[in-house]
Amino acid sequence: MARSATATSPSIVVDDRLHFDDVRRRVKAIFIGSIGNLVEWYDFYAYSAFALYFASAFFPGSDPVVQQLNAAILFALGFLIRPVGGLLFGHLADHYGRRTALMLSVLLMCFGSLMIAVTPTYASIGIAAPVLLGLARMVQGLSLGGEYGTSATYLSEVADPKHRGFYSSFQYVTLIGGQLCAILVLLLLQQVFLTAEQLRAWGWRIPFLVGAFLAVVALLMRRDLHETDDFVASKSVARRENSVKALLQYPREVMVVVGLTMGGTTAFYTYTTYMQKFLKLSVGLTDSQTTMVTAGSLVFALFLQPLYGAISDRIGRKPLLIWFGVMGTIFTIPLLNGLQATRSASVAFLLIAGAWLIVAGYTSINAVVKAELFPTKVRATGVGLPYAVTVSIFGGTAESIALWFKSIGHESWFGFYLSAVIAASLVVYASMRDTKHATAMGRHE
């Protein structure tokens, strides 16, 4: 018996070592992939975070609401190009590897951020200033359109099956973290380094220079990413074909992506990019209060993502989506009306935190749900392209629609609009399969 125990112990040690090495490899890949995702979203959202300071530099006039509306239109322009990025980088990821697409997307984001940092103002070059700003936003949108589908695919494929919801939730941890970093940079510049006048004059350029530098760092880190096992396995099994042609073989899955994204993306951009303007222009908080409430709510949202992701690994994806759909339909209008009525920063924070308890049912798992819908050969395109189209229509326009309602004196109408879009997505949540139990992960046809 002793000999038998002695004989098996080296095998146990080797197995434990292999298990530890596998976990370490997965965690390292998720960390590097997530950090790159954080940098991309920081670069993209620095525009929204600092729009209160640079809008007047690119759009002449005396009405701040109109200036913010013009800036929001260019923000939406960055979303309109995202489907092109979803298609282009989805094709690259599905044909040449997830790692290659991830490296190219962050390089493109570096270029877009640098463009914004050095673009002259309207006073210097006239109408060319907002045109160049719009071009820079299109470059960033192209990059981000590719980043979402590729990173969602990569994180889902490198995660182990039992904890896929938890690990994949880090896409939105870093997505929200990128926005939070933009807000924290704003807070530091507001409170420590610059005056409000300096911020409006030239200080708003700093976060875009920082973003370009961080994108280079992320690019260097992504060079060390390993390719996913699923993609490597699919190369010897699946026949490569045109990405759009391949995607057309899965029309139901494409429509599910569109339907489940509509309400979630509109709610997400309401409580992130638009909320900063809402707190300033509608609630009437000071610049510092607006920044603190926005940052605090993003921190709260960040910690919810892995918690909800872990819950989905135990009970499935569908119950969380239905939670978001039902609660979002019922409570959106009361939450937004409550925010508009308050003048307290603390109450505003609590109301936004309450909204995040609902919205996290979508944000924490939407990436893994989409990845679990498609086989390996078309996964990055299937996740990225229909998502990007839907975000362009609903998420990217949320801020512009809300500000337009405000400009015509009917701000409360936006709550009805948001509730209706979430209700439409609820129909999809109730009728779709639970992708945790009926997943396409591991399918390479």
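Student: Where is G97 found, and what kind of model is this?
Tutor: G97 is found in the loop between α3 (82-96) and α4 (98-118), helices being DSSP runs of H or I with at least four residues, numbered from the N terminus. This is a predicted model, in which local features need pLDDT of at least 70, side-chain atom pairs count only at pLDDT 80 or more, and totals for chains, interfaces and linings use all residues. Residues are numbered from 1 along each chain as its sequence is written, and side-chain values use heavy atoms, with hydrogens and water left out.

Student: Why is G97 called buried?
Tutor: Buried means under 20% relative accessible area, exposed over 50%, and partly exposed in between (1.4 Å probe, protein chains only). G97 has 0% relative accessibility, so it counts as buried.

Student: Which residues does G97 touch, not counting those up to four places away in sequence?
Tutor: They are L92, E227 and F231, where contact means heavy atoms within 4.5 Å.

Student: Why are α14 and α16 called roughly parallel?
Tutor: The axes of α14 (residues 287-315) and α16 (residues 345-363) come within 9 Å and cross at roughly 30 degrees. Angles under 35 degrees count as roughly parallel, over 145 as roughly antiparallel, 65 to 115 as roughly perpendicular and the rest as oblique. The two helices are therefore roughly parallel to each other.

Conventions. Axes are lines fitted to C-alpha atoms, for helices over the stretch in contact, and angles run from 0 to 180 degrees between N-to-C directions.
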